[in-house]
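Here are some quick notes on the ligand site, in case you want to look through it yourself.

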Amino acid sequence: MDATDVKEAVREKYGAAARRVSSTESSCCSAAKASGCDAITWNLYDSAQTNALPETAVLASLGCGNPTALAQLSAGETVLDLGSGGGIDVLLSARRVGPNGKAYGLDMTDEMLALARENQRKAGVDNVEFLKGEIENIALPDSSVDVIISNCVINLSGDKDRVLHEAFRVLKPGGRFAVSDVVTRGAVPPQVRQDMLLWVGCIAGALRDDEYQSKLQAAGFKEFTIQPTRIYTIEEAREFLSGKGVDVDALAPQVEGKFMSAFVRAVKPNSSKTVEACCGPACCS
Ligand SMILES: C[S@@+](CC[C@H](N)C(=O)[O-])C[C@H]1O[C@@H](n2cnc3c(N)ncnc32)[C@H](O)[C@@H]1O
């Protein structure tokens, strides 16, 4: 699949997910683990967070972490959620940054945007705006955002370098990148990797932790860390993989400890260029 095909497949998948939620059929497992629910989206938020949200925002949760629980957010800040889906993390962030702050959600899927805007209406929050667009081309000015969050979306992009460059561009100097994503660790044979990532739903493939760090560095970020939040076991994938004819027991040793949800943090440095530019003879007297 090339990047355009990936994008279309992603749009179709999440359009259908949004339609299921809108027709009040649960699409995920945020509240309770049940048959058909998956180990990735299950039980990410505590009830203190979800009780104050519209039910359809909670039902639409398709993330793999809880970036708002781990990100540092302060009153008055501007937050951007890349791939905001039904809006759960945008609504939670809006509360944290308060009436003088702003939370943007960016998503390319019309059905998800409609659901998110309906959830905003139900939640009655004003300091929120959902934007239509792609995370590879963020429709916000340079240096306009304090914190970028995202929940299980960057793995869906066929051009992760571009996403990270765009994230860097829109962050203010000193701005924080605070993202939940699926990450792999260590060497995994390509077929095993493909089977496991299919189970997790990473259509475009997840990054290995060291690749993620290299790409963050190439985009200009500093102080990056990758903190595992949920490590997947072969047992969790057994039913899915068996259904595909995979010998799960033979696979187990190659999978353990290598597929995880993680919280990825990085900082856009305060520009050193400004300091250098100010140290010529004309301005440093
Ligand atoms: C796995 S869901 C996560 C939604 C939300 N972050 C959450 O935690 O519930 C992925 C979302 O990202 C959006 N998405 C995927 N790739 C995208 C892209 N390249 N640009 C914009 N949105 C994208 C999809 O439309 C979908 O709403």
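1. Element names first: helices (H or I, at least four residues) and strands (E, at least two) are DSSP runs, numbered from the N terminus. This is a predicted model, with local features needing pLDDT of at least 70 and side-chain atom pairs counting only at pLDDT 80 or more, while totals for chains, interfaces and linings use all residues. Residues are numbered from 1 along each chain as its sequence is written, and side-chain values use heavy atoms, with hydrogens and water left out.

2. In the lining, α1, α5 (88–97) and β2 (102–107) each supply at least two residues.

3. The pocket holds about 480 Å³ of space. Of its 35 lining residues, Val10, Gly83, Asp107, Val153 and Leu156 are closest to the centre. (Pocket: on a 1 Å grid over the protein atoms alone, an open set of points where a 1.4 Å probe fits, with protein on both sides within 12 Å along at least five of seven lines; lining residues have an atom within 4 Å of a point.)

4. The ligand sits in this second largest pocket, meaning more than half of its atoms lie within 2 Å of the grid points. There are 23 residues around the ligand (a heavy atom within 4 Å), and Leu62, Gly83, Asp107, Thr109 and Ile135 come nearest.

5. Now the polar contacts (N or O pairs within 3.5 Å). A ligand nitrogen is 2.8 Å from a backbone N or O atom of Gly83, and a polar side-chain atom of Glu136 lies 3.1 Å from a ligand nitrogen.

Key
Polar contact = N/O pair within 3.5 Å; in protein donor to acceptor, adjacent residues only side chain to side chain. Points joined across faces, edges and corners; volume = space filled by probe spheres on them.
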